[in-house]
Amino acid sequence: MKAIVIYEAGGPEKLIHKEVPVPEVKPGWSLVRIIGRGVNHSEIFTREGQSPSVTFPRILGIECAGVIAKTTDPERLPEGEKVISIMGEMGRAFDGGYAEYALLPNHQIYPVTTDLPWETLAALPETYYTAYGSMKNLRILAERISQWGIDTRH
């Protein structure tokens with residue numbers, strides 16, 4: 001498979017596009033054929049060597065969208081299921097989304113039902129989760145939302 005591998009910290013020139021073996025499925029993990037991926041600021045930090053827990057070589061990428069290629073959880077994650085995955089040490093403790101396939105822990109793979117185009121779906125997981133976390137941390141109450149005149153029925 002094609003992947004972007006980093007062997008040592010540094011600038012963008014350290015991102016090496018090359019052929020690597022497709023990961024083998026192991027218990028509790030499933031193989032995702034990646035169709036789209038986001039590019040995130042934290043990946044720049046990691047590439048620059050600012051993530052001390054990350055060891056190289058590594059395939060970066062903390063989010064992806066794709067389909068299940070091989071599964072160890074056929075009831076929740078059947079082959080062909082459209083999925084996303086996000087964070088959970090993806091691209092840091094184990095290889096991530098800068099590849100054609102990623103081997104991911106089942107608990108970190110989320111089935112999705114959507115007609116969004118792949119490029120849109122790929123841009124959402126980390127962005128959405130960041131916005132959701134911010135809203136949750138702000139603890140905005142429903143009364144405040146209605147005072148501001150925001151319609152929450154949609």
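## Overall make-up

In the protein chain, residues 24 or more positions apart account for 69% of the contacts with a separation of 6 or more, where contact means heavy atoms within 4.5 Å. Please keep in mind that this is a predicted model, in which local features need pLDDT of at least 70 and side-chain atom pairs count only at pLDDT 80 or more, while totals for chains, interfaces and linings use all residues. Residues are numbered from 1 along each chain as its sequence is written, and side-chain values use heavy atoms, with hydrogens and water left out.

The secondary structure comes to four helices and eight strands, arranged along the sequence as β-β-β-α-β-β-β-β-β-α-α-α. Both kinds of element are DSSP runs numbered from the N terminus: helices are H or I with at least four residues, strands are E with at least two. Of the 154 residues, 35% count as buried; buried means under 20% relative accessible area, exposed over 50%, and partly exposed in between, with a 1.4 Å probe and protein chains only. The accessible surface of the chain is about 9300 Å², and 57% of that belongs to carbon and sulfur atoms. These areas come from the Shrake-Rupley method with a 1.4 Å probe, and for residues only the protein chains shown count as cover.

Three strands form an open sheet in the order 2-1-4, with antiparallel pairing. Its edge strands are strand 2 (15–19) and strand 4 (58–59), each of which pairs on one side only. Two strands pair if DSSP finds at least two bridges between them. Strand 1 (residues 2–6) and strand 4 run antiparallel and are joined by two bridges; Val 5 has Ile 59 as its bridge partner in strand 4.

The loop between strand 1 and strand 2 holds Gly 10, which is partly exposed at a relative accessible area of 24%. Leaving aside neighbours within four places in sequence, Gly 10 is in contact with Arg 47 and Glu 48. The C-alpha atoms of Gly 10 and Gln 50 are separated by 9.9 Å, with the two residues 40 apart along the chain.

## Two nonpolar cores

A nonpolar core is a set of buried Ala, Val, Leu, Ile, Met, Phe, Trp, Tyr and Cys residues joined through side-chain atoms within 4.5 Å. The largest one has 14 residues, of which Val 32, Ile 68, Val 83, Leu 104 and Ile 109 touch the most other members. Strand 3 (29–36), strand 5 (63–70) and strand 7 each give two or more residues to this core, and strand 3 gives the largest share, four residues. Apart from this core lies another, of nine residues, among them Ala 3, Val 5, Ile 59 and Ala 99.

Beyond four places in sequence, the residues that Ile 68 touches include Val 32, Leu 77, Val 83 and Ile 109.

Ser 85 sits in strand 6 (residues 82–86) and is buried, with a relative accessible area of 1%. Gln 108 lies in the loop between strand 7 (101–105) and strand 8 (109–111), and counts as buried because its relative accessibility is 3%. The side chain of Ser 85 reaches the backbone oxygen of Gln 108 at 2.7 Å.

Leaving aside neighbours within four places in sequence, Ser 85 has contacts that include Cys 64, Met 90, Leu 104 and Pro 125.

Notes: A polar contact is a pair of N or O atoms within 3.5 Å; within protein, one must be able to donate a hydrogen and the other to accept it, and residues adjacent in sequence count only if both atoms are side-chain atoms.
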